[in-house]
Amino acid sequence: MNLFKMEKHLAISLGLLTLLLILAPVTYAQSSSVTGRVSDEKGELMIGVSVLEKGTTNGTITDLNGQYNLNLSTENPVLVVSYIGYTPQEVKVGRQRVVDVILMEDVSALDEVVVVGYGSQRKVSVVGAQSTMELEQIKMPTANLSSAISGRIAGVVAVQRSGEPGHDGADIWIRGISTLLGQSSKPLVLVDGVERSFNNIDPEDIESFTVLKDASATAVYGVRGANGVVIVKTKPGRIGKPQFSVDFYQSFTRLTKSVDMADAYTYMDARNEAQRNTDGNIRYTDAYIEATKKANGLLPNENIRLINKYLYPAVDWADELFNDWGQNRRGNISVRGGAPNANYYVSLSYYGETGMTRNFKMENYNTKMQYDRYNFTTNLNLKPTSKTAVDLGVAGYLSQGHYPQSSTNELYAASMAINPVIYPLVLPDGSIPAINKDQLFSPYGMLARGGYKMEFGNTINSNLRVTQDLDFWKWSKGLSATAMVAFDVYNSRVLKYNRTEPLYQLDAQRGQDGLYLEESLFDDDGNYKYSMLRSSDKRLSYNAETANNRSIYVEASLNYDRTFGLHRVGGLFLYNQKEYRNTDADNKISDVNIDALIGSLPYNQRGFAFRGTYSWNDRYFAEFNLGINGSENFTPNKRYGTFPAFGVGWAVSNEAFWTPLKKYISFLKFRYTDGWVGSDTAAGRRFMYKGRFTSMDGTYFGSGYVSAPGYGESQYGVDISWSKSRKQDLGIDIKFLDDNLSLVVDIFKERRDNIFL
């Protein structure tokens, strides 16, 4: 009986043990971990992606390898994988230990946000004409971004007038030149909301590049919007673990187009033919041409003392001055990351370029052409509270350039103007030849013996922006306020080391055959005889030029964006003010230099901007913009100008009747804008509405001059005002093949009046 009970108890124990073994794997799964990698649809691993166990606060983010590890805590775990700009995914884990996830980019056109004047809007609601540039297109080794956008943005023309390192910025026009010569046609350029040059920004630091073209897009800028607007935004911080990026580009440069010049012998034949047809004579005898060929190795030469390249030159001046190739390089290292309430972007970059002029090393200097620049960018984005955002940006650069005293334009022009047989590169003793002291200088002498200059530049741009969400009450939902202050400073110095080289001419006579006579070539010691055309002590002289300025910009605005059912309403009210001061002019003030005194006074601008937007069911859109600007260029009663504009749009593809056609044309939109923008550009002098008086010793009465000290009006005041431009634009936006092919067509008309002559 006892044995039976023991067997019974043993059987029960074995059964319980078996049950525990069966349940054990389930319990293990509940307390296990899962790992995997997250990538995008292109296969690129993604850093900083949020991986959260659904229904819990248990989560993590992917590391630098796109990998995550997460300890699970629920019975049937589901992972929620999300990242900004991508469609979130929910993945059931089950018994899996490795779960890889591919996130798809969120390409919803209705929710995509684009940059507009003084803010941003959903792309579908934009009625103004604007273009953006893919950032991959500007990631190239170039010192100035303006030279990288040519041919890459519709309606934008960029003309590069020089390829000289550090001086190769391009002139930019949006939809052509719209004013007369002497008046600026350059667009307004804004970097992080502040008027600045974008030339010296490293391409890796750019988040977006937008061009505004028509009145509806630029009217809020009023006085500064007549020539279009370029908006550049640098990269902000991003939530996630630190992401390090290192980029390096190396490229080689050469002349885009060089003129093929005739060689010395072809030139002499052509010159003889031209002169023979003119007066029956010739410039170069057959004996001279033969001697030139002998001196330069085309024919055997038995007498090098009398027939050499110093006496009978054949110089390819462009080849002597310029290399066939130059080079440039660009490197950037950046880090980006942060937490939800504090994230950052920091970068350091270097750009270097070697020019194409030859480097002639002299005893105390060289003539290399080289440019080096070091950039830094720091953007810090803070969220002190859930409704407050603080953005701090500091960026700048240090640059140094080394150049020959003559520019590449001057050197190239000189090499084209001098014929190949006029004189040799140098005379036998190394001195510079000439035929007179005032003109036709040797291109070699300009480059190798003219001295050099060094250019130093630095700038620091800083801006602080605070955005406060005013969504505290029911009636203030969608309302926010923004304030910004920016301080920029720029300094440059050019050190010029000039040198004047003595000029010499061979003091020798020629015979009837055009060849040098031996008895006139050499002195009693057997040396070549020279005549000095210009004397010089060859010492380097020194002078310097400086350029310094600083500006302060302040801005405050109220923004509104709210949806009421199918209705969406937006608004903007903005005030801004800028003070620009040329601090270099302060050092040049004198009692008689009135221009320097006026130049030292601050330049002031003030403006107000208004915008109202409305859309119904993302089908019908209307927008009104108004810019009111004040300029110191005009009299007080004409100082402020008002520039209104309006626009309407219709997204046909969002209509119900278009649904069957979406597989062919996924998006179709018509838009029309009309409005006025202005310009206060008036070339000449500041404060033209005021007359200028200068001291006088006397004046004319009738036909006689009367001596009497006093003052007289040397320049009369001119009652000028704004030039205004009316811009009209009819646009069509079409997308095909599931948004993979886009077509944008704009028909525009512009008329500008009251241009100051």
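Student: Where is threonine 285 found?

Tutor: Please keep in mind that this is a predicted model. Threonine 285 sits in the loop that lies between helix H3 (264–279) and helix H4 (286–295).

Student: Which residues is threonine 285 in contact with, leaving aside its neighbours within four places in sequence?

Tutor: Threonine 285 is in contact with Gln512, Asp513 and Gly514. A polar atom of the threonine 285 side chain also lies 3.1 Å from the backbone nitrogen of tyrosine 288. As for methionine 268, 17 residues apart from threonine 285 along the chain, the two C-alpha atoms are separated by 9.2 Å.

Student: Let us turn to sheets. How do the strands of a sheet pair?

Tutor: Strands of a sheet pair through backbone hydrogen bonds, and the pairing is either parallel or antiparallel.

Student: In which sense do strand E1 and E4 pair, parallel or antiparallel?

Tutor: Strand E1 (residues 33–40) pairs with E4 in the antiparallel sense, over five bridges. Serine 33, for instance, has asparagine 71 in E4 as its bridge partner.

Student: What is the strand order in the open sheet of five strands?

Tutor: The order is E10-E15-E16-E13-E14, again with mixed pairing. Strand E10 (130–132) and strand E14 (194–195) stand at the edges with a single partner strand each, so one side of each has no neighbour in the sheet. E10 and strand E15 (residues 206–212) run antiparallel and are joined by three bridges. Within E15, leucine 212 is the residue opposite glutamine 130.

Student: Now to helices. Which residues of helix H6 are buried?

Tutor: A residue counts as buried when its relative accessible area is under 20%. In helix H6 (residues 408–417), the buried residues are Thr408, Leu411, Ala414 and Ser415. They lie on the same side of H6, because they cover an arc of only 130° around the axis.

Student: What covers the buried residues of H6?

Tutor: The cover includes helix H5 (317–321) and helix H7 (443–448).

Student: How should I read a buried polar residue such as asparagine 332?

Tutor: Begin with its place: asparagine 332 lies in strand E18 (residues 326–339). Its relative accessibility is 4%, so asparagine 332 counts as buried. Next, consider its surroundings. The side chains of asparagine 332 and aspartate 202 are joined by a polar contact of 3.5 Å. Not counting residues up to four places away in sequence, asparagine 332 touches several residues, among them Glu204, Ser245, Asp247 and Ser349.

Student: Is arginine 175 buried or exposed, and what is its partner?

Tutor: Arginine 175 is buried, with a relative accessible area of 18%. Its salt bridge is with aspartate 729, where the closest N and O atoms are 2.8 Å apart. Arginine 175 belongs to the loop between strand E12 (170–174) and strand E13 (188–191), and aspartate 729 to strand E35 (residues 723–736), so this pair ties together parts that are 554 residues apart in sequence. Aspartate 729 is buried as well, at a relative accessible area of 1%.

Student: How far apart are the closest N and O atoms of arginine 751 and aspartate 753?

Tutor: They are 3.3 Å apart, and the two residues form a salt bridge. Arginine 751 counts as exposed, at 57% relative accessibility, whereas aspartate 753 is partly exposed, at 33%. Finally, salt bridges with shared partners join Arg175, Arg671, Asp729, Asp733 and Asp746 into one network.

Notes: Residues are numbered from 1 along each chain as its sequence is written. This is a predicted model: local features need pLDDT of at least 70, side-chain atom pairs count only at pLDDT 80 or more; totals for chains, interfaces and linings use all residues. Side-chain values use heavy atoms; hydrogens and water are left out. Helices (H or I, at least four residues) and strands (E, at least two) are DSSP runs, numbered from the N terminus. Contact means heavy atoms within 4.5 Å. A polar contact is a pair of N or O atoms within 3.5 Å; within protein, one must be able to donate a hydrogen and the other to accept it, and residues adjacent in sequence count only if both atoms are side-chain atoms. Two strands pair if DSSP finds at least two bridges between them. Buried means under 20% relative accessible area, exposed over 50%, partly exposed in between (1.4 Å probe, protein chains only). The arc is that of the directions from the helix axis to the C-beta atoms. A salt bridge is a side-chain nitrogen of Lys or Arg within 4 Å of a carboxyl oxygen of Asp or Glu.
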